[in-house]
Structures are given as structure tokens and as C-alpha cells.
Amino acid sequence: AALEARDHIAERLDAHAPYDMVYERYSLWSDVGMRWARKHGIPGILEVNAPLIEEQRTHRQLVLEDEARAVAQSAFSQASAILAVSPGVADYLHTWPGTKGRVHVVANGVDPSSSADSAELRAARHADISNETPIVIGFLGTLKPWHGLPLLVEAFARVHAEHPTARLHIIGDGPGRADLETDLAARGLTPYAHISGSIAAADVPAALGQIDIATAPYPAQDNFYFSPLKIYEYHAAGLPVITSRVGHLAEVVHDGEDGLLVPPDDPQALADAILSLARNPAHRTHLGDAGRIRVAREHSW
């Protein structure tokens, strides 16, 4: 259906022309924007977020692979410029013929102003020194295999053994939710964990205001290509970030400056990093402030 829709999309473009530029997000089944721009002699800018053919084959079901490859080759070759959201995506694009010199890495970004209240909400939660407010470890995102949620649960179990008041707050939904809930129940951690399900984008800053330590526990993987929007949102919210030392993430989170890097697939290292921040509120604030400044400077819309 998507392949057959290309002619209809071209007709819609014709109906609303003229344009100065066409900006298209690469999808498995459409090269129509780049073909239309080339045909009409205007710039065509193609945004590429992932190696979609490989991603589809690995995590879902890839059908009509020859057609998908033909679409990709057409879109990549006809674009005036290609925007890769990460160095990993750029490396992938360079394996396609004719892309040399036209690939530019432009990471995802956030609107820092939307997260301005997060730090205030967090401070208010801890304002009453007469009553110990639980430390909340958080995750924001879809509950999919490449986000490392089982590792986070294992690490949280170790944190909870030493810091019984700690809480885990997972913001999001996805195919891994049932397994997460089963794992938490089997460990007796259900009373100390909350999975919110999906929330509206506008509600993310307030949700991040309920978290003290943010995590992105990516497992080890070849050809890491994510541009981790969740980390930029964490930083915008003034949160200290703990993530895995995989791919280019050491360039996204500066270890000891605005977050902590841990080895991938190491629950004890992740638990130790969480505990170190749980015990040191001043360090949490320092890392969070530094992250907020840097994301406003480097990853703002």
C-alpha cells in the first residue's frame, strides 16, 4: 500500500507547488519526496534516523526486501543532502554508493524551555527535610529490546537491597511491559516500582520532575546508531544521567561532568553508579545543572 501511494503523494505535491525545498524523513517504502525535488530542480533534504532495512529485519518482519533496497538507493542517490541523526547512521549511509560528501550528522534536539519546571518540581519534592523523600530512579521511552530494561530491573534489585526506600519509575509502554511486570513481581519489587504507560509529550517535563536519577541502560550492540532523544530530554530536565559506554554515547554524556558512563550489560556497575548518586544529592544537582546548560547550547531546537 505504501509503495502504491507514491504516485498519489506526488500528485498532492504537484497540487500544492511551488516549493523552495523538500524535506523528507526516510521510510522503508517512499522515495517520492526526493524524486519530486530532483525532477523539479529544487533541493531535497533527506533525514535518516536508522538503518531501516536492517532494523526491520532484526526486530520485526522484512517483506519485499528488493523493493526496500531500491527505494533506499533511489532516495539516497537523489537527495541533495542527507542528514544522519548519529555517527552510526552516517557510517551506514556511507556503505551505499553515491553518498560520499553528502552526509551530515545532525543529532536530535529538544526544546529546553519546555523542561524549565522539572528541576523546580524535583526540588520541591525534597524540600521537607523532616521527611525522607524516596530517591526515584527513572527511565523514559518505549519498552523495546534495545533499551536494556531487564538490566535496569536487575540493577534496581541490587540498589533496593542496599537502599530500601529507592523507587523505580518507568515512563512509557511497549512490547516488553508484560515481561518487566513479571520480573518485578518475581523479585518482590512491584510495590517499589511504577510503570506509567505512555504519556503525552507535553506531560514529559512534569514526569521527569518526579525522577532524581535518569537511566539509559543500552546493551552492547554492534553498529550503535541511536540519537538518544531520551538523554537530551533528561539533560533538559536537569537530571543526572547514567548510560552505557556504547557507540558514540561518550560524546553525548560526558562521564563525571553531566552524567556517568558504565559498561554495558553490567548490572552491578549500573547499581553502583545509581547508589553513588543516590547518596550524594549535591553531585546529582551538579551533574544535572551541567547537563541542562550543555543541552541548551548544543541540542536545542
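**Contacts and salt bridges in a predicted model**

Reader: Where does Ser30 lie?

Author: This is a predicted model, in which local features need pLDDT of at least 70, side-chain atom pairs count only at pLDDT 80 or more, and totals for chains, interfaces and linings use all residues. Residues are numbered from 1 along each chain as its sequence is written, and side-chain values use heavy atoms, with hydrogens and water left out. Helices (H or I, at least four residues) and strands (E, at least two) are DSSP runs, numbered from the N terminus. Ser30 is placed in the loop between β1 (22–25) and α2 (32–40).

Reader: Is Ser30 buried or exposed?

Author: Buried means under 20% relative accessible area, exposed over 50%, and partly exposed in between (1.4 Å probe, protein chains only). Because its relative accessible area is 11%, Ser30 is buried.

Reader: Which residues does Ser30 touch, not counting residues up to four places away in sequence?

Author: Contact means heavy atoms within 4.5 Å. By that rule the residues touched by Ser30 are Arg6, Glu24 and Val71.

Reader: How far apart are the end C-alpha atoms of helix α4?

Author: The expected span of a helix is 1.5 Å times one less than its number of residues. Helix α4 (residues 65–78) has 14 residues and should therefore span 20 Å. The distance between its end C-alpha atoms agrees, at 20 Å.

Reader: Which residue forms a salt bridge with Arg125?

Author: A salt bridge is a side-chain nitrogen of Lys or Arg within 4 Å of a carboxyl oxygen of Asp or Glu. For Arg125 the closest N and O atoms are 3.1 Å apart, and the partner is Asp212. This pair links distant parts of the chain, with Arg125 in helix α6 (residues 118–125) and Asp212 in the loop between α9 (204–208) and β8 (213–216), 87 residues apart.

Reader: What separates Arg158 and Glu154 in helix α7?

Author: The side chains of Arg158 and Glu154 meet in a salt bridge of 2.8 Å, N to O. Because they are four residues apart in helix α7 (residues 149–162), the separation is about one helical turn.

Reader: Is Glu298 buried or partly exposed?

Author: The side chains of Glu298 and Arg294 meet in a salt bridge (3.1 Å, N to O). Arg294 is buried, with a relative accessible area of 7%. Glu298 has 42% relative accessibility and therefore counts as partly exposed.
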